[in-house]
Structure formats: C-alpha cells, structure tokens
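Please look over the sequence and the model shown below.

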Amino acid sequence: MNIIGKSVIRKDAFEKVTGRAKYTADELTGPSLHAKMVTSPYGHAKIVSIDVSEANKVLGVRAILLGNNELPLTGEEIRDRPPIAVGKVRYNGEPVALVVADTPVIAKKAADLINVKYEPLPVVNSPTEALKPDAPLLHENLASYEKIGTAYPVPHSNISNVTKIRKGNMEKGWDNSEVVIEESYRFSPSDHAAMETRSATAEIDPEGYIHITTSSQAPFMVKRLLSIYFQIDIGKIVVETPFVGGGYGGKAPIQWEILAYLASMAVGGRKVKIVYTREEDLLTAPCKVGLEAKVKLGCTANGMIQAAEILYLFDGGAYSDKAIDVSRAGGVDCIGPYNIENVWCDSFCVYTNHPYGSPFRGFGHSEVLFAFERTMDRLADKLGVDRLELRKRNAILPGHTTPTQVLLNKSNVGNLPACIERLKEMIHWEQGQIQEIDERRVRVKGIACSWKTSTIDPDASSGVILTFNPDGSVNLMSGVVEIGTGTKTVLAQMLAQRLGIGIDKVHVKMKIQTQTTPEHWKTVASRGTFMAGRALLEAADDVIRQIKNIAACVLRVSTEDLEVAYERVFVRDDPKIGLDLKDVVYGYKFPNGNSIGGQIIGHGNYILRRMTSLDPETGAGRPGPEWTVAAHAVEVEYDKRDYTYKLIQAVTVVDIGAVLNLMTARGQVMGAMSMGLASAGRETFVFDELGRVLNPQLRTYRPIHYGENPNYQVDFVTTPQIDGPYGARGVGEHGLLGMPAALANCLSIAADVELNELPLTPELIWRYKGAKV
C-alpha cells in the first residue's frame, strides 16, 4: 500500500489554483444568445396578465417565452412543475417568462420591461399550516399527476409523499418504558450557497442533436429526464459537464437545463446561455428543505431506549421534485445510530409556498438528527445520565437491525462506540461540559452522534473505462463529476495502487461528455468513491488480464506466473524476466516485425447489489449498502449578558472504513463541518406573510466568513467495509450531520434554555430566554 492512504496532490489542483479551470459559464465557443428570467415577486399569486409588448420593441431580443399548457410538466418523482409558470405562481422566484437576446444586458433590459399583473393568493408558510383543514390546496391536480418514481402522495391534500416506518410493537415499547420525553423542533428552508451559480448552455444542431453544457451533479440524469419530458430519442441528447464550483446536492435537480433547451428551441436551435445571478440562485433554484418535527422517546430507568414515536414534516416547497427523496431518506434513518426495537415514524413531504426543495449535503439526515439528538440530550438530562454514556449505551451494533429492518454486521455499520471513545479523548470530556471563564463568559461543549445510509435508486450504477498510451501511462474515464470532492484523485490513487505504477502515470479526464464518458448515476450521496471505485477496480483487473495475456505469449510462461507492478510485467519468482509496460500496452512487436495485441482498453462497471424499494406500509427494505457512523462535538465561548457566542472548536470522528487519501478525507470532513455549523448558526431564509424571501443576497443571507471558523479536528476509526474499494466508505457528507445538533446541545447548556429551532442566532437565544422568564 504505497499510494493508498497517502496525501497525494489532487489531479485538479494546478488548474484550480492558477485560475485555468473552466466552469460552465466559462465554456463558450462560437456566438451565443443569452437568456434572462422574469420571476415571481410573490409566494402565491394568480397571474392576471403578462404584457410583453414593450420588451418586444427592444433591439436584439430574439424570443420571449411564456408558460403554457403545451409545455410538459416536470419533476423527478411526481411531474407537478411547469418549467415556466402557467396560470399562477407558487413560490417567490418562480420563472414567469424567459427572454432570449443577443447579449445579457439586452435580455435583462427586456425582461425588466415585461409587465406582469398578479392577484395574491393565500400563502402556506409552513408544513403545519399546509396540513390545516382550511389550508389552500397548492396542487389541486395532485391525484392526476404522472409519477416517475415511487412516491405516495395523498390526494386532495398538500402532502406529496408519505414514508411510513413501522418496526416492532409500540404498545410493548411503551409498556417497558419508565421514563418518557417528547419534544418539538422546527427550522425554515435555506440555501446551498455554492460559489458557482447555476448555469447552462443549449444548442440544437441541424441533425437534431441537442448539446447541453451544464453545472450539474447529474449530467446523465439531465439526459434521461429531458428525454422523458420532451419525448426525445435519448441518444440525441449530449450533455457535457466541466468542473462544477460546488454543488452540495443543489445541482442534482434538473431546472436550468430545461430553460436553456426551451430557449434554444425558441430561436431555431441556436446556442443559448443562461447564468443565474446570485439572487436567482438563491430564490429560483431548488433549496435546502425545512423541517418541523415531533420526537417522543421512552426508556427504562437505566436509559435503555424502548420506543420511538416520530413525526417529520419536511418543507418540500412549491414542487415535490427531489424533496420527496429527502423526506424518504429522513424516514429511513429516523432514529439516529441507536438500537431501538420499537419504532413508529411518519415522514411527510409537504407542499408550501417556499422555493422547492432539493438534496443538501447529508440528504435529510442532518435535519432529522437535529431533532433526534436534541431529544437524546433532553432524555439524558431527565435520567441524570452522562450524555455520551447514554448514546454509547444505546449505540447501534452488529447484530442489531435498522428502522427498515436490515440486519447489520461489522462491515456495514462500523464501530460507533469506538468513535465515541475517541471523541471523548479529543475533547477532554472528563473535564466537564461547562467551565466558567468569568462572571459573563462560559466555555461549553455539546455533542451528537450520527449515521447515514444512501437512500438511492436500487439500480444505480457506475462505469469506468481505461485506455493506455504508448508511454505506458493510462487514461482514466469516469462519469463522476468533479464538484470539489477530489474523488477522481482518489480513483487515480486506487488505479496506481492496483497497477503498481506511479500516480503521475494516471491521467484523469475531468470533463463529462455523456456520449463518450461511461455513466455514473449521480455525483451525490457520498457514492462516488464507493461505486466508481468498485467499477475502477474491475476495469483495472480487466487491463491486468490483457497485459498478462500478451506478456505470457512473449515470455512463454503461464499468466498465473506473472505480476504487474513497478511499470513492468514480470515473472513472479524471477523478476529480472519481464517487459516494460510501455512495450506491451500498445501491442508487442517482435524483433522480426511480427506483432500481437494492440492498445489495451479496459472497462468495469458496478451496480448496487441487493438494494430494495421500501414497503409502503412498514418501510421494510434495504435502502443502501452501508450505514456510516460518527461522533461529533462543538465547543463555544458564550456570553451570558448579550447572548453572543464564539465558535472555539469542532470535532468529528468518523468510521471511514479505510483512509484512501488522508488530506482529502480530512478536508472533506472539515468542509462539511463548516457547512453544518453555518446551517445551524446563521443560514436561513426569512419569509414574510406573502411568502417572499427577505434575504436573497449574500449580504443578508450569511454563510460563515473567513476568520469565523473554529479549530477543526478530525479523526477516523477504520473498520473496513468488505464490499467497499480497499475497505473504504464514503465520507463527503458525514462531517456535517451532527453539527447542528451538537451546536444546539452546546448552546442549550450555555444559555440554560432548550433551543429547539434553527438558526441559533443571538436573537433566537434572547427570545427563548425571554419566553422562559
């Protein structure tokens, strides 16, 4: 293992640090038209009229598109969303018209001249409001919408999907419970705030091929869904994705590509480019879901949890799209990483007049873990038990079953107690959770645990192609999108390790082109390294077999006698007898001119195995290949006078299975921790009574700034996952999962008040303290 586990330099590092890396908005060859949107200023309103007469007078305008019933409805689970609003708008920022013009300035000028008259309608501003008997129905035709996925909507309601989890016997669980606690939680939707805003170009060539370049985490899904929505031969759709400047799940849905395609169609197939402004990226594009939750737990006097009764109401926004998947994932892992035999959970995806939901790093898990881990702290307080001890006492272990009734083993769940023990050491838990600094300030530690499986399509697959160059180097092609995770560098490490060559001999193709790049389902859910890694190792074995077959003929030995390593193929028991790879991988030429072989081209693929859909009544099923566990802590310095706090330290310990690239793994976890703290402490949409977002700019929607981050500490437990590449598990999301709960647990102790909302701003703490008084 001379390459695996090492901190090698990322394959994309030089291009990015020198500014040479090309993103979608940078990729422009030849003349292009430009599209600009007109979006709704209301959360819910009837469109009375749209006057485009003045806009049409602007020189350089090529087309103006309005919504109509001839356009197909879109949506990844339920087709409920018109690409451009028809009849009414359902969220602030929804596209109402699209202007195509010679330049962005002309397009914006014309868009500003379009006069839209609205009649405001009653607004649904939360999932609780949406479920009231007198709430307006946001989708009157819910029962008749076409379903692509396995959604279970409730007709004549605002519920787009119901996920039920039923495990054990709840009556028995409550009978065995001596201590019961129940709490409620809530937070609003927020945004991904990736550095690169969404963008796409579309062009239709004379032969009818549709060429799309997009900042997407799912270029192959763009291809598939466009084919379904517009009834296009899928082979005629070519999607390219260069570097993506951050996605975090927000670039997995399909929206801006549809608008670019419609704009191109409107101008005879000419190339059209659409680039969202920051405000459009915050308002129009899919966002992070909100949540309202109720958690009720029962346990014995010694703290063994016997029953969990849970209601999760996910704020899916105006359209269901990927929010259904998020609510399903939240239901699947509803109880956190604990062994609870009796579980009842309803996880609803609910329509509201908010921007519609999408995956966000962690895919519903940080949301439900916030509620569940806050309740675990409350239960520990009621029992008078050490908070980490309660979690360790109830930790999920091999031999236990998940809420969806999957039997766990050492390989697929790892070692949560080991994560907890390492966390205790790193944060000096024995010193206590709270320390007085002076009469105003205290230093406090809060903790949480987490787990996550990947609730994805059971037939999700990944492919890898390897081709050799005459110098013995190898080209690696994978459909994984480089969104900043460094996955393709890790793939290169795996390949170099398996072939026994230097990593500088592995050339990675970063850009995706769906006609020539092997498909990878989506670059989401921490599945890139796992799925593409498995496909890569199969492709590596394929080329090794071919190399040995050629060398065996030349060296007149059996293939079983040969080894491939050190850029050579040689006889195992006499390494001096062998050939350089460069003399084999493009075919071998004998001294007399006879030749055998040819360019070696290898391929491999992997499809998730033994995954199942969930039973609609019980939730029983296998939604993912493994459950990655982690333990987290946050330490703050809190000012009791003005309710402010400073982040001092954040710690995460993950059972990663095996470390493939140490610095990349740490960087992934630290970045996720930062996002988790930002989601917990400051990031949120603020809505008014009309459903309008009052903070659609980075001046008012505020992520953590440079210099405000705490000291991050990351460590790993390594319980190998048998079916993972080199024993590894995915780790891209897991640093985030426990951060909101850990910070809320920390500040609840510091402020001596139970904080059950996010974000945890000084104003929120002040309000809670006021309510307590």
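## Salt bridges

The count comes to 54 salt bridges, where a salt bridge is a side-chain nitrogen of Lys or Arg within 4 Å of a carboxyl oxygen of Asp or Glu. The model is a predicted one, in which local features need pLDDT of at least 70 and side-chain atom pairs count only at pLDDT 80 or more, while totals for chains, interfaces and linings use all residues. Residues are numbered from 1 along each chain as its sequence is written, and side-chain values use heavy atoms, with hydrogens and water left out.

One of these pairs joins glutamate 367 to lysine 288, with the closest N and O atoms 3.5 Å apart. Because glutamate 367 lies in helix α10 (residues 365-383) and lysine 288 in strand β13 (residues 287-288), the pair ties together parts that are 79 residues apart in sequence; helices (H or I, at least four residues) and strands (E, at least two) are DSSP runs, numbered from the N terminus. Glutamate 367 is buried at a relative accessible area of 2%, and lysine 288 is buried at 5%, where buried means under 20% relative accessible area, exposed over 50% and partly exposed in between (1.4 Å probe, protein chains only).

Aspartate 325 and lysine 322 form another salt bridge, their closest N and O atoms being 2.5 Å apart. Aspartate 325 is buried at 7% relative accessibility, and lysine 322 is buried at 4%. Both residues belong to a network of salt bridges that links Glu76, Glu77, Lys322, Asp325, Arg328 and Lys522.

## A mixed sheet and its helices

Four strands form an open sheet with mixed pairing, in the order β22-β21-β20-β29, and two strands pair if DSSP finds at least two bridges between them. The edge strands, each pairing on one side only, are β22 (506-508) and β29 (601-607). Strand β20 (residues 461-468) pairs with β29 in the antiparallel sense over seven bridges, and isoleucine 465 has histidine 603 in β29 as its bridge partner.

Helix α14 (residues 487-499) packs on the sheet and touches β20, β21 (474-478) and β22, contact meaning heavy atoms within 4.5 Å. Helix α15 (residues 528-555) also packs on the sheet, touching β20, β21 and β29.

## Backbone details

Most residues other than glycine have a negative phi, and most peptide bonds are trans. Histidine 156, however, has a positive phi near 60°; this residue lies in the loop between α4 (127-130) and β7 (159-167) and is exposed at 65% relative accessibility. A cis peptide bond, with omega about 0°, joins leucine 758 and proline 759.

Notes: Axes are lines fitted to C-alpha atoms, for helices over the stretch in contact, and angles run from 0 to 180 degrees between N-to-C directions.
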